[in-house]
Amino acid sequence: EAKRKEEARKKAEAEAKRKAKEFRDGLRKAYISSLRKEIERNKKYPIISKTKGQEGEVVLHFTLHKDGRITDAIILSSSGVKRLDKAALKALKKVGVFKRIPKELKEDFLEIKVPLEFNLK
């Protein structure tokens, strides 16, 4: 009887941990998704690049702190067009301070990679 109760307790504990992890993973995904949308909202396609038909993908990497500050932004992968790379960094800078990292994530900071597409289609 005691052994059966202990097994049931362990099973319930494992299930609770799994559900908590699932919740945090979903919350993290939603939070980062809203950050990406905010960066996209601030993205401006350089007129000269449009005129020249320049396209590309820029991958930014940065640290997002618990209080929403964005630091250490770098271009992880260049589009091959300086103007588009600069526009990507500018879009990130325009976000300024993002909303705080949700307490439930129990994170002091997040390392984030964001691809930004510049397509004329």
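Reader: Is Tyr 45 buried or exposed, and what is its relative accessible area?

Author: The model is predicted, so local features need pLDDT of at least 70 and side-chain atom pairs count only at pLDDT 80 or more, while totals for chains, interfaces and linings use all residues. Residues are numbered from 1 along each chain as its sequence is written, and side-chain values use heavy atoms, with hydrogens and water left out. Buried means under 20% relative accessible area, exposed over 50% and partly exposed in between (1.4 Å probe, protein chains only). Tyr 45 counts as buried, its relative accessible area being 16%.

Reader: How are the rings of Tyr 45 and Phe 118 arranged?

Author: Searching the whole structure gives 2 aromatic pairs (ring centres of Phe, Tyr or the six-membered ring of Trp within 6.5 Å; planes under 30 degrees apart are stacked, over 60 edge-to-face, the rest tilted). For Tyr 45 and Phe 118 the centres are 5.3 Å apart and the planes stand at 90°, so this pair is edge-to-face.

Reader: How far apart in sequence are the parts that this pair ties together?

Author: Helices (H or I, at least four residues) and strands (E, at least two) are DSSP runs, numbered from the N terminus. Tyr 45 belongs to the loop between helix H1 (2-42) and helix H2 (47-52), whereas Phe 118 belongs to strand S3 (residues 109-118), so the parts tied together are separated in sequence by 73 residues.

Reader: Which residue lies over the face of Phe 118?

Author: Phe 118 is itself buried, with a relative accessible area of 0%. At 5.0 Å from its ring centre, over the face, lies Lys 43.

Terms used:
A charge sits over a ring if NZ of Lys or CZ of Arg is within 6 Å of the ring centre and within 35 degrees of the ring normal.
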